[in-house]
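Thank you all for coming.

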Amino acid sequence: MTLGDLYITFLLVTLTFITGTALGSLLSAKVRRFLPWVEILTGLYNLCLFLALSLDFYKTQLPQFVVVLGLLIPAISLGIQLPLYSYYLRQIRFNFIYGLYHGGAIIGLLAFEIYFTYGLSVKASLLALSLGQITLGAVLGYLLNHDIFHLDQSPPGAWRKLLTKKLIVIPLSVFLISLLSSYQVFWALKTQVFLTEAFRLHATLISAAVFFWMTVAGFSEKHLQNASRTFLFFAWAAALLALQASFSTLPALITENFTGELPNYFIWSSVLALCLTLPVFASSLVFIKSTQELSIDFAVDQASGYLNAIACVGNILGMVLAALMAPYLWTNFYFSLALAIVIVATVILAYFDKKYVSTSWGIAALVVVSFFAFQKDQASGLFNNRFVKQIRPATINSQIFSEAFSSIAVMEDPITDDQVSHHYIIDGHRSHIIDRGTENLIGLYARRYFPDTLEKSAVIGVGTGQTSWGVAAISEHTDLIEISPTVLKNLKVFKEYNNDLANSSHKSIHLIDGMSYLRNCPVGSYDLIVNTATYPGNFNAAKLYTVEFVELVKNCLKPNGIYQTYFDGSTVHNTEQLANFLAPIQAHFRHIDIIAGYYPILIAYNESRALTTGPMESFLRESDAHFYNETLKKKPIFNLKCNTIYRDIPLYLGGKMNTLDRAILEATSIRNIIQNIYQRDEYIFAEYSGLPRSQECF
């Protein structure tokens with residue numbers, strides 16, 4: 001939540017834990033007798049985090065390197081644990097310990113995700129975790145003191161044996177398969193997000209799926225003891241080709257089973273994640289087989305530790321390679337590179353295994369199967385279920401712009417309104433129809449609250465730039481704050497919809513998340529701040545609906561400034577949910593207006609004000625007035641007689657406060673979107689239509 005961005009968070013956390021576990025693995029054999037203290041000290045560390053979260057921790061802007069250092073401590077602890085538990089219990093085969101360890105990780109991940117989707121406290125979970133880990137350390141210490149485990153001292157300098165001709169094939173195969181595995185996991189995460197809505201839990205489900213395949217590999221390895229490494233590399237490639245061949249139909253079959261209940265969504269999204277990460281099963285088998293072979297020459301904790309460190313290097317390089325290939329994620333070229341690496345790897349392994357004939361036949365088979373598997377392009381299967389079944393087009397044309405940390409797409413729907421409509425998707429979130437002009441109008445709304453042109457405004461969440469155009473058109477200067485580099489890079493793609501906003505002289509662009517930007521803004525510097533980021537269920541935007549964020553907004557606004565945001569069916573279905581949505585805003589603003597509609601706009605301010613009148617053109621600069629008259633006035637939304645506005649709505653009592661520690665709105669938003677994921681019915685958001693307040697034509 002501190003970092004904000006889904007992909008950056010996932011990759012940074014993943015790479016930090018990969019690096020930390022590698023360091024811990026290398027240390028494990030040197031601290032054999034101190035595993036109980038590793039558990040106890042990690043528990044105490046979690047207790048310190050609990051205490052920090054109980055203070056004003058969330059109001060602090062932490063640099064990313066501090067976050068990384070904070071994550072390294074539990075990561076190193078994890079790296080120490082697996083090798084040492086394997087050593088403590090070395091009468092049990094390593095594959096079984098490996099399976100148990102990662103099976104436990106699945107339970108932990110899903111338990112926390114279920115806990116979090118009910119809006120419960122993060123710091124409370126840390127307290128429970130710390131107490132559990134301290135207890136575990138105490139039990140281990142008791143058993144160790146009673147000679148339950150027999151520990152020896154590890155010999156120094158043993159790692160040099162890895163470079164001998166006899167053993168070099170083992171670390172080499174682990175390095176190559178780890179590179180391929182992380183390359184696939186990167187693709188799986190971004191694909192999972194694009195196939196459905198962009199929840200934070202998708203990163204958890206991908207991680208859980210990876211751990212699942214590691215668990216299955218651990219429990220099944222003894223049945224595959226005679227399988228060579230070359231065979232396992234071919235199995236990895238076969239899993240990749242099976243995924244490639246079935247991609248046009250398999251994800252759609254899975255997502256058709258979404259029924260609207262959270263458990264159902266968890267189950268089928270997990271099935272989807274398992275399909276997308278299938279090659280990890282073969283990767284895990286290579287690691288387990290290599291560890292058990294190496295443990296003939298090394299103690300099991302040393303063998304596991306050394307190979308884990310080598311796997312770390314492969315994983316990091318695999319993710320770097322995947323990030324560089326991000327523009328080609330959903331093309332056959334992306335998969336062709338993975339197969340090329342497999343072929344190179346099998347040729348290298350064949351040199352050591354002396355299996356030239358079988359390797360040649362295997363490579364030939366891969367080439368033949370690839371010819372059939374690559375008949376369809378990946379992108380054609382990404383959006384099959386992003387429309388209501390009754391109006392789903394037979395063929396969905398799309399443009400995709402992808403980079404390492406974000407992706408956007410434009411889909412064409414040839415059925416809606418009997419004409420081609422363009423839908424905007426950002427990092428998996430299916431947003432508005434671009435052609436209607438609704439977003440342009442939203443950017444103009446706040447102008448009626450000011451007698452003159454605004455001096456300085458800010459927009460958080462740029463998207464297609466349509467709302468940002470509206471705010472820039474009524475302001476002398478507008479700061480555009482956007483977390484996605486791909487969005488900013490491709491603003492020019494939507495210039496016919498945003499009046500070429502990228503080249504406007506009345507704006508500044510800031511590539512940063514909204515909360516970090518507002519933490520550093522001068523107090524009382526803005527007339528208007530517009531939050532047009534995605535719904536709270538989207539991890540990139542979740543913190544922009546918390547009481548901590550609204551407090552920052554108030555500090556950045558002038559005394560007569562206005563905060564504008566929105567809610568829709570993804571967040572509010574009834575009066576209770578509206579009360580929850582309003583709670584953070586009502587904590588800092590005395591007056592709240594709601595402009596009614598399917599996409600209600602909320603205007604918050606602290607000084608009473610009347611609405612100005614007159615034609616919209618009189619408020620605009622010449623170039624923007626020309627765009628308004630020649631382009632926007634032809635849109636259906638601009639031909640409505642008026643929008644109903646409910647002024648100064650009363651305090652909604654009983655609303656649960658949404659905070660960075662208790663993400664009430666994120667949890668609600670996730671459940672609402674799942675419930676409505678393919679039906680998209682109209683909802684009455686709340687009973688504000690019956691309020692004893694004046695209604696105005698806006």
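Let me begin with a question: in which helix does Lys-289 lie? Lys-289 lies in helix H11, which covers residues 280-294, where helices (H or I, at least four residues) and strands (E, at least two) are DSSP runs, numbered from the N terminus. Before I go on, please keep in mind that this is a predicted model, in which local features need pLDDT of at least 70 and side-chain atom pairs count only at pLDDT 80 or more, while totals for chains, interfaces and linings use all residues. Residues are numbered from 1 along each chain as its sequence is written, and side-chain values use heavy atoms, with hydrogens and water left out.

Coming back to Lys-289, this residue is buried, because its relative accessible area is 11% and buried means under 20%, with exposed being over 50% and partly exposed in between (1.4 Å probe, protein chains only). If we leave aside neighbours within four places in sequence, Lys-289 is in contact with Glu-221, Gln-225, Ala-227, Ser-228, Arg-229 and Leu-232, contact meaning heavy atoms within 4.5 Å.

Ile-316, in helix H12 (residues 300-324), is partly exposed, with a relative accessible area of 27%. Again setting aside neighbours within four places in sequence, Ile-316 is in contact with Leu-15, Ile-18 and Thr-19. The C-alpha atoms of Ile-316 and Ser-182 are separated by 7.6 Å, although the two residues are 134 residues apart along the chain.

Let us turn to the sheet. Four strands form an open sheet in the order S1-S2-S3-S4, and their pairing is antiparallel, two strands being paired if DSSP finds at least two bridges between them. Strand S1 (397-403) and strand S4 (429-433) stand at the edges, each with a single partner strand, so one side of each is left without a neighbour in the sheet. On average, and with direction ignored, neighbouring strands of this sheet are turned by 20° against each other; the axes here are lines fitted to C-alpha atoms, for helices over the stretch in contact, and angles run from 0 to 180 degrees between N-to-C directions.

What does the side chain of Ser-402 reach at 3.2 Å? Ser-402 lies in strand S1, and its side chain reaches the backbone oxygen of Ala-326 at that distance. The side chain of Ser-402 also makes a polar contact with the side chain of Ser-407, at 2.8 Å; such a contact is a pair of N or O atoms within 3.5 Å, where within protein one must be able to donate a hydrogen and the other to accept it, and residues adjacent in sequence count only if both atoms are side-chain atoms. Ser-402 counts as buried, at 9% relative accessibility, and the residues that Ser-402 touches, not counting those up to four places away in sequence, include Lys-190, Pro-327, Trp-330 and Thr-486.

Next comes helix H23 (residues 664-675), whose twelve residues reach 17 Å from the first C-alpha to the last, close to the 16 Å expected, the expected span being 1.5 Å times one less than the number of residues. H23 is mostly covered, with ten of its twelve residues buried, among them Glu-666, Ile-670 and Asn-672. What covers these buried residues includes helix H4 (94-116), helix H7 (201-220), helix H10 (262-276) and helix H21 (575-586).

One backbone detail deserves a look. Asn-499, in the loop between helix H18 (495-498) and strand S7 (507-511), has a positive phi of about 55° although it is not a glycine. Asp-500 is found in the loop between H18 and S7, and its phi is near 55°, a positive value in a residue other than glycine.

Finally, a word on confidence. The mean pLDDT of the protein chain is 86, and 93% of its residues reach 70 or more, pLDDT being the predictor's confidence in each residue, from 0 to 100. Over residues 680-684 the pLDDT is below 50, and this stretch has ten contacts in the model beyond near neighbours in sequence.
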